[in-house]
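Trainee: I am new to this structure. Please show me how to read its features, one at a time.

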Amino acid sequence: MPTDQILGSGQLPLAGPDLAAKRPSPALTLTAALLGFALICLDASVVNVALPAIGSTLGVGMSGLQWVVDAYTLAFAALMLSTGAFADRAGASRAFALGTAVFTLASAVCGLAPNLPSLIGARVVQGVAAAVVLPASLALVRQAYPEPARRARAVAAWAAGGSAAVALGPVAGGLLTTVWDWRGIFFVNLPVGALILALLVRAPRSERRPAPLDLPGQATAVVALTGLTFAVIEGGTAGWAALAAAVVAAVVFFRVEARSPHPVVPLGLFRNRTVAVAVAAGAAVSVAFYSVVFVFSLFFQQVQGLSALRAGLAFLPMTGLIAVTNVVAGKLAGRYGARLPMLIGQALAVVGLLVLLYVDAGTSSALTAVLLVPLALGCALTVPPLTAAMMDAVPAERAGLAAGVLNSARQVAGGLGIAVFGTLVSGGFVDGMRMSLAVGAALLLVTFGLSFRLAGR
């Protein structure tokens with residue numbers, strides 16, 4: 001890799017005409033990390049609007065479209081439990097370069113996929129690579145900015161890159177699908193991946209640190225989550241068999257985690273009330289948000305007959321406010337504590353889901369776009385405070401592990417939500433959509449009640 005040109009000791013070569021050109025650049029390192037994080041966030045949202053085109057080209061139904069999304073989400077979520085430790089063992093710069101290279105190659109395979117199995121397989125590889133990129137990119141930012149104040153600004157820029165990618169995802173997906181083809185949403189990753197790898201030439205080579213890996217725990221988590229998702233999406237005899245396998249794997253997982261000296265999910269974390277509530281609320285928010293984006297991406301095109309571009313633009317009012325609201329939520333949490341903005345956010349998200357029950361095939365897309373906004377605002381108000389509350393509730397040395405558990409739980413919940421909601425709408429779209437909205441609202445009402453148990457400021 002190009003990063004190997006920099007000495008592992010952190011010292012620069014003693015002489016040479018291109019000494020200055022090889023000196024590590026914090027700004028370029030941050031740019032590479034931000035682009036990597038934005039790339040994996042974009043791929044989680046850009047696919048939704050292209051799903052009808054994918055289904056038409058490859059001749060697949062609802063279950064196939066669910067797998068196109070969930071193959072990425074579940075691989076990303078499940079392996080995120082261990083990839084932070086992998087990044088430490090390999091070194092953040094090496095792990096980030098490897099993850100970016102694999103993600104870029106898998107994107108090319110997605111774009112060239114001749115059928116559904118090959119597309120799903122490449123999406124799994126994308127998810128694995130994304131799980132490596134996320135913790136490694138943040139570690140690179142921390143490494144490039146050792147001074148706390150500058151590091152805080154750099155991390156804020158890194159996070160803003162992810163928020164912007166999520167906001168632009170539906171629009172980018174609609175635009176690329178309309179002017180090019182659904183394959184364009186994957187091919188566009190190739191030049192971005194190449195740029196990231198080029199920028200890594202100026203990133204410092206990271207030290208390798210010992211970090212234990214809980215391979216049995218990781219393996220049983222993957223089996224349990226995959227089996228459960230398969231059971232929900234596919235159903236039938238195969239679904240019951242997958243559910244049984246998921247239950248067995250889950251039992252083994254909990255036994256392994258209870259006995260492992262270095263578990264991927266320390267079960268003791270959940271004895272802390274704040275941690276338990278934060279994870280539950282984060283999961284409920286992810287079910288509501290990601291599942292609604294999935295369902296309405298199909299609704300706009302398959303029920304209302306909008307083009308992919310118009311469907312993507314319909315999400316812009318919803319997603320465009322997320323980054324701004326995240327900042328407001330952080331300030332509210334700093335002033336009033338986590339409980340108040342979490343309660344306001346979850347209440348607003350419930351209202352947002354309930355007003356969407358009004359939507360049917362005859363509702364104008366402009367009105368639907370407006371009705372999606374309260375849900376987005378509620379979710380964006382909830383996530384930063386619950387994340388801050390969880391980080392404050394654990395010792396500093398366990399903050400990275402706790403963040404991995406929270407993010408993994410949110411991604412898993414979003415993937416399972418898509419599986420459940422996709423199954424509901426396959427039996428009758430509008431009725432299934434309304435049932436899905438009701439399920440999301442019920443989950444948020446439960447976590448809204450649990451959030452009262454959090455300490456005030």
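Mentor: Start with one residue, and keep in mind that this is a predicted model. Pro384 has a relative accessible area of 22%.

Trainee: Is Pro384 buried, partly exposed or exposed?

Mentor: Compare the value with the cut-offs. Buried means under 20%, and exposed means over 50%. At 22%, Pro384 is partly exposed.

Trainee: Which helix holds Pro384?

Mentor: Pro384 is found in helix α17, which covers residues 373-393.

Trainee: How far apart are the C-alpha atoms of Pro384 and Gly184?

Mentor: They are separated by 33 Å. Along the chain, Pro384 and Gly184 are 200 residues apart.

Trainee: Back to helices. How do I describe two that pack together?

Mentor: Two packed helices are described by the angle between their axes and the distance between the axes. Take helix α15, residues 339-355, with α17. Their axes are 7 Å apart, and the packing angle is about 155 degrees.

Trainee: Are α15 and α17 roughly parallel or roughly antiparallel?

Mentor: Angles over 145 degrees count as roughly antiparallel. So α15 and α17 are roughly antiparallel to each other. The crossing of α15 and α17 is left-handed.

Trainee: What about α11 and α19: at what angle do the axes cross?

Mentor: They cross at roughly 165 degrees, and the axes come within 9 Å. Helix α19 spans residues 429-451. That angle makes α11 roughly antiparallel to α19. The crossing of α11 and α19 is left-handed.

Trainee: Which classes of residue make up the contact of α11 with α19?

Mentor: The contact has 20 nonpolar residues, three polar ones and no charged ones.

Trainee: Which residues line the largest cavity?

Mentor: Ala44, Asn48, Val69, Thr73, Tyr290, Gln411, Gly414, Gly415 and Ile418 line it. The elements giving two or more residues to this lining are α2 (26-58), α3 (62-90) and α18. The largest share, four residues, comes from α18. By class, the lining of the largest cavity has four nonpolar, five polar and no charged residues.

Trainee: What lines the second largest cavity?

Mentor: Its lining is Ser45, Asn48, Val166, Pro170, Phe289, Tyr290, Val293 and Thr319. The volume of the second largest cavity is about 50 Å³. Two or more lining residues come from each of α2, α6 (148-179) and α11. Here α11 gives the most, with three residues. The classes in the lining of the second largest cavity are five nonpolar, three polar and no charged.

Trainee: And a pocket, how does that differ?

Mentor: A cavity is a space where the probe fits but cannot get out, while a pocket is open. Read a pocket by the same steps. The second largest pocket has a volume of about 560 Å³.

Trainee: How many residues line the second largest pocket, and which lie nearest its centre?

Mentor: There are 23 lining residues. Leu225, Phe253, Phe254, Ala409 and Val412 lie nearest the centre. The elements that give two or more residues to this lining are α9 (215-234), α10 (236-259), α11 (273-303) and α18 (399-425).

Trainee: Which classes does the lining of the second largest pocket have?

Mentor: It has 22 nonpolar residues, one polar residue and no charged residues.

Notes
Residues numbered from 1 in each chain as written. Predicted model: local features only at pLDDT ≥ 70, side-chain atom pairs only at ≥ 80, totals over all residues. Heavy atoms only, no water. 1 Å grid on protein atoms, 1.4 Å probe; cavity = no way out; pocket = protein on both sides within 12 Å on 5 of 7 lines; lining within 4 Å. Points joined across faces, edges and corners; volume = space filled by probe spheres on them. Nonpolar A, V, L, I, M, F, W, Y, C, P; charged D, E, K, R; others polar. Axes fitted to C-alpha atoms, helices over the stretch in contact; angles between N-to-C directions. Parallel < 35°, antiparallel > 145°, perpendicular 65-115°, else oblique. Left-handed = near helix turned anticlockwise from the far one by under 90°. Buried < 20%, exposed > 50% of the residue type's maximum accessible area, 1.4 Å probe, protein only.
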